[in-house]
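Subject: Structure for you to look at

Hello,

I am passing on the structure we spoke about. Please have a look at it first; my notes on what was found follow below.

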Amino acid sequence: NKPDQMVKSLEDLVAQHVDGIIFTPYWSTAARGMTLAKEANIPVILTDSYPDFAPQSPRFPNYLAFIGPSDEDAGAQMAEALFAAMKPDASGKKVIGVVNGTAGTSVAIDRRKGLERALKAHPEVEVAGEVDGNFVRDTSQTVFESLYEGKPAIKGVWAANGGTATGVMAALKSAGKRPGKDVLVVAMDLNPENVAAVKKGDLLFDIGGHWLQGGFALVTMYDALKGKPIPRAAANVKLALLPLTKARVPQFEADFPGGVPPYDFRKHSRAYTPDAKPAVFEMKYSK
C-alpha cells in the first residue's frame with residue numbers, strides 16, 4: 001500500500017538492467033513505470049490492473065501486454081448471485097451493503113461497474129451504504145463495522161475481494177451475526193480462505209482464478225525475450241473467471257487439488273514448443 005515504494009522498486013529494477021518487468025500498476029504507477037522501462041529499453045507486461053492506454057501503443061511500444069481478470073463480469077456475477085439468494089423485507093426491498101476495493105484502481109472500478117449493471121436490472125435491491133475496504137481484511141472489518149452499526153437492515157454484502165470478505169465476515173461475527181445465515185456475503189478471489197468459507201457456508205459465492213495471471217505473464221514475457229513477439233490481437237487479455245458455490249465445492253476440489261490447476265511451462269512456451277497453445281487459459285469445471 002505504498003505507491004512511492006512501488007516507484008522506487010521499479011527504479012531499482014531498471015538500475016539492475018533486468019531484461020523484462022512484470023508488475024501490477026496500482027496507484028497510477030503504470031505511466032511512471034512504463035516511462036522508466038522505456039528509457040532503458042525494457043519490455044513490460046502489466047497484470048491485474050490496467051491504465052487508460054492500450055498495450056503496444058505508439059506512446060509505450062515497450063508495453064507488450066496486459067493479463068488480468070474480466071472484473072466487470074465478475075462483479076456482475078457476484079451481485080446476481082447475492083440478489084437471487086436474498087429474501088425481500090416487508091417492504092419488498094433487498095437491502096445490501098457494499099465494501100469496495102482500492103479507490104482509483106481499474107480492478108475496483110470495473111468490479112463496481114459490474115455491480116452497477118446488476119443493480120440496474122434489479123430495482124428491488126437497495127444499497128444502504130458503501131465503504132472502501134482497500135482490498136484488505138483489517139480495513140474492511142473496521143469500515144463495515146461502522147456501516148453495519150448504522151445500517152442494521154443490511155441482509156447482503158457485496159465484497160470486492162477475498163480479504164474484504166474476510167473482514168466483513170469477522171465484523172458480522174463480532175456483531176453477533178452469522179455470515180451465510182443472518183447476512184449473505186459474496187466475494188471474489190478463490191483464495192484458500194474463501195474456498196473454505198464457501199464450503200462452510202459462511203460465504204455464499206466466490207469467483208476467481210485470476211491469480212494465474214502472474215504465471216501467464218511470465219511465460220509470455222519469456223517468449224517475447226526469446227524472439228516470439230506477442231500479436232497485438234492477443235495483447236489485451238481479460239480472463240473469464242471460475243464461479244464457486246457450496247454445491248460446486250466437491251467438483252472444485254476434484255478438478256483443482258490444492259486449488260491450482262497443473263501447468264506445464266514448457267508446453268505453453270513457444271520458445272520450447274513452437275506450436276504451443278496460448279500461455280493463457282481460463283479455469284473451467286470438468287463437469
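A residue is called buried here when its relative accessible area is under 20%. By that cut-off, 49% of the 287 residues of the protein are buried. Please keep in mind that this is a predicted model.

Overall picture

The protein has 10 helices and 10 strands. Its radius of gyration is 20 Å, close to the 19 Å from the globule rule for 287 residues, so the protein is as compact as a globular protein of that length. Along the principal axes, the C-alpha atoms fill a box of roughly 65 × 45 × 30 Å. Among contacts with a separation of 6 or more, 66% are between residues 24 or more positions apart.

The accessible surface is about 13,600 Å², and carbon and sulfur atoms make up 54% of that. The protein carries 34 positive and 32 negative charges, whose mean positions lie 4 Å apart.

β3 runs parallel to β2, with four bridges joining the two; here I45 has A65 in β3 as its bridge partner. β3 is also joined by four bridges to strand β9 (residues 236–239), again in parallel, and I67 stands opposite V237 in β9.

Is T47 buried or exposed? Its relative accessibility is 6%, so T47 counts as buried. Beyond its neighbours within four places in sequence, T47 is in contact with I22, F23, T24, P25, F66, I67, Q213 and A217.

Strands β4, β6 and β7

Strand β6 (residues 156–159) pairs in the parallel sense with strand β4 (residues 94–100) over four bridges. In that pairing, A159 in β6 is the bridge partner of V99. β6 also pairs with strand β7 (residues 184–186), in the parallel sense and over three bridges, with G156 opposite L184 in β7.

Which way do the residues of β6 point? G156 and W158 point one way, V157 and A159 the other, and all of them are buried. In a regular strand, side chains alternate between the two faces of the sheet.

Regards

Note on methods:
Residues are numbered from 1 along each chain as its sequence is written. This is a predicted model: local features need pLDDT of at least 70, side-chain atom pairs count only at pLDDT 80 or more; totals for chains, interfaces and linings use all residues. Side-chain values use heavy atoms; hydrogens and water are left out. The radius of gyration is taken over C-alpha atoms; the globule rule is 2.2 Å times the number of residues to the power 0.38. Buried means under 20% relative accessible area, exposed over 50%, partly exposed in between (1.4 Å probe, protein chains only). Contact means heavy atoms within 4.5 Å. Accessible areas come from the Shrake-Rupley method with a 1.4 Å probe; for residues, only the protein chains shown count as cover. Lys and Arg count as positive and Asp and Glu as negative; His and the chain ends are not counted. The place of a charge is taken as NZ of Lys, CZ of Arg, CG of Asp or CD of Glu. Two strands pair if DSSP finds at least two bridges between them.
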